[in-house]
Amino acid sequence: MDGGRHPRPRGAIAHAAPPSPAGDIRRVFLGGRRLPSPQPLAMSSLAALREGYERFDPRAYLQNNYLPPRADFSSEEFVVPWKLRCLAETFASGEIRGHTLIDVGSGPTIYQLLSACDHFEEIVATDYLAVNREELGRWVRGEPGTFDWSPFIRHVCKIEGRGEPWQEKERRLRARLRRILPIDVHRPQPLGAPLHPPADALLSAFCLEAVSPDRAAFARALAHVGSLLRPGGHLLLLGALGESFYLAGAARLPVVPLAEDDVRAALGGLSWHPNFKRGAPSTLWTRSGCSAPIYQEKGGCQGREEGTDL
Ligand code: SAH
């Protein structure tokens, strides 16, 4: 089904979700780090996916997904303010911080970095497509004619509640977003070479399920990406469950429809043994009456915290 990035057509969904302005359910996961052995990829479907991305149009993607009606800040029933709230709440705890954060599959967007950028000295954006990296570069340099993220920045400043002028946050993100690198999550070394030192945190929004032909590829991509993270670091995945495709102009990109258990299995398969984060404002992560797990590693492989209920 549509992951909230575009209107959901009839017949395209794996299972029905209650209608909502946001389209369907979103989840945020935090996991830890552990590497499996690389396995062979399903090359044909991967090749088809790559071909699809050749038609990805950053401007159309932004228009489809980051302008009204999706970018309606009047209610958190809409997907964009919901995403911003998830991210603001996650980083507000102050637990996820460090020198370097890598955003995996940034696309042409920066909304996902607005709360993160207060907690890391360097933000590394990444994308498979040069057109997306170029779009991001133009925004960082403040070139005229780039997408107007100011409504997003104003909204994040408002929900963070510190009274920070939005221009200040914009300036900080531009200053900290110093590297925009090519990435391929289907390679055991997604950046081509290990990052030194490894990242303190990874963030990935609406990427892994959107670039993986099947659940096995999703799990492998997660493992590849995990190799970029330092032991004890944090992984934050913001994504869609049950999504089957999204639009970026002429490109109709397939998405592997994931269930919550698929994500849990992928994390568990890496021996990340995610912990439910107790005391998290779980209602904030809830859509359509579903429970809302947040996973977090506590310095290594641990079981779930006592008494938690996923
Ligand atoms: N994070 C953004 C964009 C998500 S769209 C958002 O939240 O809106 C998925 C992104 O994955 C696209 O930008 C696409 O170019 C990128 N992508 C495609 N193939 C990829 C691959 N093999 N590895 C990493 N990223 C890939």
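Trainee: Quick one to start: are Tyr53 and Phe56 buried or exposed?
Mentor: First, this is a predicted model, where local features need pLDDT of at least 70, side-chain atom pairs count only at pLDDT 80 or more, and totals for chains, interfaces and linings use all residues. Residues are numbered from 1 along each chain as its sequence is written, and side-chain values use heavy atoms, with hydrogens and water left out. Now the scale: buried means under 20% relative accessible area, exposed over 50%, and partly exposed in between, with a 1.4 Å probe and protein chains only. On that scale, both Tyr53 and Phe56 come out as buried.

Trainee: How many aromatic pairs does the structure hold?
Mentor: Rings of Phe, Tyr and Trp (its six-membered ring) pair up if their centres lie within 6.5 Å; planes under 30 degrees apart are stacked, over 60 edge-to-face, and the rest tilted. Counted that way, the number of aromatic pairs is 13.

Trainee: What kind of pair do Tyr53 and Phe56 make?
Mentor: You need two things here, because a pair of aromatic rings is described by the distance of the centres and the angle of the planes. For Tyr53 and Phe56 the centres are 5.9 Å apart and the planes sit at 25°, so the pair is stacked.

Trainee: And what about Phe73 and Phe152, what kind of pair are they?
Mentor: Their centres are 5.2 Å apart and their planes meet at 85°, so call this one edge-to-face.
The pair links distant parts of the chain, with Phe73 in the loop between helix H2 (58-66) and H3, and Phe152 in helix H5 (residues 150-160). Helices here are DSSP runs (H or I, at least four residues), as are strands (E, at least two), all numbered from the N terminus. So, to repeat the answer, the pair is edge-to-face.

Trainee: How many residues of H3 are buried?
Mentor: Helix H3 covers residues 79-92, which is 14 residues. Among its buried ones are Trp82, Leu84 and Phe91. H3 is mostly covered, and of its 14 residues the buried ones number 12.

Trainee: What is the volume of the largest cavity?
Mentor: A cavity is a set of points on a 1 Å grid over the protein atoms alone, where a 1.4 Å probe fits but cannot get out. Grid points are joined across faces, edges and corners, and a volume is the space filled by probe spheres set on the points. The structure holds two cavities of 30 Å³ or more. The largest has a volume of about 360 Å³.

Trainee: Which helix supplies the largest share of that cavity's lining?
Mentor: Lining residues have an atom within 4 Å of a point. The largest share, four residues, comes from H1.

Trainee: Where is Phe206 found?
Mentor: Phe206 has phi near 55°, a positive value in a residue other than glycine. With a relative accessible area of 4%, Phe206 is also buried. You'll find Phe206 in the loop between S5 and helix H7 (215-226).

How values were computed. The expected span of a helix is 1.5 Å times one less than its number of residues. On a 1 Å grid over the protein atoms alone, a cavity is a set of points where a 1.4 Å probe fits but cannot get out, and a pocket is an open set with protein on both sides within 12 Å along at least five of seven lines; lining residues have an atom within 4 Å of a point.
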